[in-house]
Amino acid sequence: MKGQRRKKIKWTGWSMVLAASLFVLIFSYIPMIQAFILSLQTGKGANLKFAGFDNYIRMLQDSTFWVTLGNTLFYAVIQIPIMLLIALVTAVLLNDSRLKGRGIYRTCIFLPCVTSMVSYAILFKNIFSVDGVVNQLLLKLNLIEEAIPFVLDKNWAKVVIIFALIWRYTGYYMIFFLSAMQNIDSSVYEAAKMDGCNFRQTFFKITMPLLKPIIFLTGIMALNNTLQLFDEVVNLTNGGPGNATRTISEYIYDLSFVYVPSYGYAAAVSYVVLILIIILTIVQKGMTGEKK
């Protein structure tokens with residue numbers, strides 16, 4: 001009887017996993033295989049023919065591809081460390097049981113995450129416009145002589161996008177750090193306090209090592225989101241001026257729906273992004289010291 005019951009429980013569990021696995025297979029892995037096959041084809045619109053790795057070879061000579069890839073990596077390198085550091089520090093401060101009104105602070109910091117992407121992009125576009133709040137403040141403080149066209153300048157436009165990303169997503173990643181810290185047994189900190197550890201020693205010797213899995217997870221999530229950056233750039237600068245702020249995701253969209261449709265080449269560019277994510281994930285895993 002016990003053996004039959006165990007088998008029944010086992011098959012019940014597998015049946016539930018099987019249903020979810022089928023959905024993942026149908027909606028994730030099969031389209032990935034189809035996209036790879038598509039990346040080996042060339043042509044315009046639906047008139048496609050097999051061309052081997054011509055699309056990948058074309059990429060090496062495509063200056064727009066390298067510019068958009070460079071822009072995307074620039075956002076990732078600058079924005080992700082700053083954002084995760086602010087999220088971690090904020091989580092540490094809001095995890096202090098002595099802080100009054102913690103719930104209100106957490107809610108306020110998390111609220112930007114639920115703001116519409118289009119709405120907050122328009123908000124930042126207005127704030128950093130020539131007659132926006134930032135320019136007006138800088139002029140009144142006599143820090144600048146004339147208004148700076150932030151969104152129209154190729155360097156300042158990138159800064160605006162990074163500011164927007166940090167503002168929106170810091171609260172989102174803060175929740176992960178906060179949740180992880182609340183799962184750390186308080187007796188660990190009590191023992192450290194009895195041993196005479198100060199805040200700095202406790203943070204770097206206890207909190208940080210215990211947060212390594214979460215730091216790795218949030219790093220991968222942030223990297224994945226940044227390499228797929230699209231809405232913010234389109235709504236803030238539309239990739240301009242020129243291609244100064246254009247991302248790889250926007251370029252893939254343009255190849256598919258704005259220019260004469262080149263679905264094979266767009267699929268090839270998408271696969272390069274996938275390979276890049278895998279490589280950076282492996283590198284990041286090695287840097288965080290994750291071991292089995």
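At roughly what angle do the axes of helix H5 and helix H7 cross?

Analyst: This is a predicted model, in which local features need pLDDT of at least 70 and side-chain atom pairs count only at pLDDT 80 or more, while totals for chains, interfaces and linings use all residues. Residues are numbered from 1 along each chain as its sequence is written, and side-chain values use heavy atoms, with hydrogens and water left out.

Two packed helices are described by the angle between their axes and the distance between the axes. The axes of H5 (residues 117-127) and H7 (residues 154-182) cross at roughly 135° and come within 10 Å. That angle makes H5 oblique to H7. Axes here are lines fitted to C-alpha atoms, for helices over the stretch in contact, with angles running from 0 to 180 degrees between N-to-C directions. Angles under 35 degrees count as roughly parallel, over 145 as roughly antiparallel, 65 to 115 as roughly perpendicular, and the rest as oblique. Helices are DSSP runs (H or I, at least four residues), as are strands (E, at least two), numbered from the N terminus.

The crossing of H5 past H7 is right-handed, meaning that the near helix is turned clockwise from the far one by less than a right angle (left-handed if anticlockwise). On the H5 side, Met 117, Tyr 120 and Phe 124 meet Phe 163, Ala 164, Leu 165, Trp 167, Arg 168 and Tyr 169 of H7, where contact means heavy atoms within 4.5 Å. By class, this contact has eight nonpolar residues, one charged and no polar. Ala, Val, Leu, Ile, Met, Phe, Trp, Tyr, Cys and Pro count as nonpolar, Asp, Glu, Lys and Arg as charged, and the others, Gly among them, as polar.

Turning to the backbone, most residues other than glycine have a negative phi, and most peptide bonds are trans. Asn 142, in the loop between helix H6 (133-140) and H7, has a positive phi near 60°. Asn 142 counts as exposed because its relative accessibility is 65%; exposed means over 50% relative accessible area, buried under 20%, and partly exposed in between (1.4 Å probe, protein chains only).

The loop between H11 and H12 holds Asn 238, whose phi is also positive, near 55°. Asn 238 is exposed, at 53% relative accessible area. Pro 241 lies in the loop between helix H11 (231-236) and helix H12 (248-258), and a cis peptide bond with omega of about -5° joins Gly 240 to Pro 241.
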